[in-house]
Amino acid sequence: MAGPAQQSVRRAMAQLRADPGVLQSVVDAARAGSPQVGALPEQEVRRHIAALLTAVATAFLDTGGLDREQLRAAALLAADRAVQGVPLAALLDGFRAARTQVFRCLAERLDADRPDPGQAAPALPDLVEVMVELDAYAGELQQRLIVAYQQTELRLLAAGRAARIQALREVLVDGALDRLAAAGLDPHGRYHLLLGEVTDPQQAPLTDGTSALVEGYLCTVSVRPVAARAELSVSSPPLAAPQLPTGYRLARSALAAARRRGRTGTHRLTELALPVATDAAADLGPLLAADLLAGLDPLDPAHHRLARTALAYLDRGSRIDRTAAALHLHPNTVKHRLRRLADLTPFGQPPPPDDTVSHTLHWHWALSSWLTRPH
């Protein structure tokens with residue numbers, strides 16, 4: 001039968017395993033503990049952290065040790081990071097930061113789970129023994145990380161791709177244009193750049209030396225447009241080779257902008273120009289909203305309907321019929337909502353002469369910010 005220390009830690013571990021807030025805090029710790037891990041898409045880090053947390057919790061609570069499937073979670077993490085170009089030292093920095101956060105959360109749960117007065121508290125030596133058991137599981141996972149990472153590196157070298165992939169990363173991330181030829185690119189050529197989010201690098205095979213996982217994103221540089229292999233992708237127009245680092249940086253921003261707006265599929269980089277520009281000055285949106293939409297109550301659902309209708313109206317070229325069709329409303333309902341918004345705000349005022357485009361963009365930005373900010 002488990003003693004008081006074992007029972008206390010088991011209760012705390014069961015709580016940690018079921019708490020999504022703990023998972024988020026460990027993900028945040030791993031990303032903060034390693035800049036290279038922090039540069040990866042957050043969902044990519046969360047996928048692996050969740051698997052490792054489950055492995056440790058299952059070993060402690062259910063199986064009494066790490067089995068082959070649980071060790072596989074560490075091997076997959078290491079293989080993915082090797083393919084993504086995250087150095088082993090950076091991977092271990094993130095792992096250790098996550099490990100520390102897990103023990104910090106566990107200590108907080110144990111402190112909150114103090115025994116009632118009159119009930120015997122777990123003996124300190126017993127408690128230390130249980131914590132040593134947990135730490136041993138973490139150490140075993142770390143060792144598996146190192147071995148799997150080194151095996152993946154050797155496999156990449158044997159395939160002859162490693163040097164070209166690393167050169168492509170240096171071109172795109174560091175702007176090392178002297179490495180274009182090493183990446184298999186003509187310094188005088190023009191290339192399409194396709195950047196996509198992948199949730200599992202093992203499901204995104206690289207086609208040639210101009211494809212690589214760069215900072216966690218599947219990136220392909222090609223003379224001709226290529227088909228996307230990710231749920232969300234951004235494609236650039238033809239870029240001169242020296243423009244590739246700038247194109248990569250803008251594509252990263254465009255992916256983030258598209259993700260924030262819930263988009264999927266492949267999008268042209270240029271069609272995301274406005275979201276990228278407004279996100280780059282995100283603090284200005286709430287100021288525009290405060291200036292133009294002061295008459296709206298953020299706690300009134302009816303006012304949210306007015307704002308959403310006006311935004312849809314601007315998105316559809318200020319056409320009542322297209323707005324009504326998109327929102328599944330009668331055109332008269334759209335007209336009524338726009339009139340109501342004009343009663344509460346300056347929305348109905350005509351734009352200044354020769355400034356129609358700027359006027360529309362200001363209203364679009366203000367409405368978008370007002371609708372998406374926390375209230």
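Close-up 1. Skipping neighbours within four places in sequence, Leu134 touches Val9, Met13, Val56, Phe60, Phe103 and Leu106 (contact here is heavy atoms within 4.5 Å). This is a predicted model, where local features need pLDDT of at least 70 and side-chain atom pairs count only at pLDDT 80 or more, while totals for chains, interfaces and linings use all residues. Residues are numbered from 1 along each chain as its sequence is written, and side-chain values use heavy atoms, with hydrogens and water left out.

**Close-up 2. The largest nonpolar core.** With 47 residues, this core has Met13, Leu106 and Leu134 as the members with the most contacts inside it. At least two residues each come from helix 1 (4–18), helix 2 (20–33), helix 4 (42–63), helix 5 (68–84), helix 6 (88–112) and helix 7 (124–158). Another core, of 30 residues, lies apart from it, and Ala183, Val221, Val234 and Ala258 are among its members. A core is a set of buried Ala, Val, Leu, Ile, Met, Phe, Trp, Tyr and Cys residues joined through side-chain atoms within 4.5 Å; buried means under 20% relative accessible area, exposed over 50%, and partly exposed in between (1.4 Å probe, protein chains only). Helices are DSSP runs of H or I, at least four residues, numbered from the N terminus.

Close-up 3. Phe347 sits in the loop between helix 14 (331–344) and helix 15, while Trp363 is in helix 15, 16 residues apart.

Close-up 4. Glu44 pairs with Arg47, their closest N and O atoms 2.9 Å apart (a salt bridge puts a side-chain nitrogen of Lys or Arg within 4 Å of a carboxyl oxygen of Asp or Glu). The two are 3 residues apart in helix 4, so about one helical turn separates them. Glu44 is buried at 1% relative accessible area, whereas Arg47 is partly exposed at 29%. Salt bridges link Glu44, Arg47, Asp80 and Arg81 in a network.

**Close-up 5. Arg169 in helix 8.** Arg169 belongs to helix 8 (residues 162–174) and counts as buried, at 11% relative accessibility. Sequence neighbours within four places aside, its contacts include Ala82, Gln84, Asp174 and Leu213.
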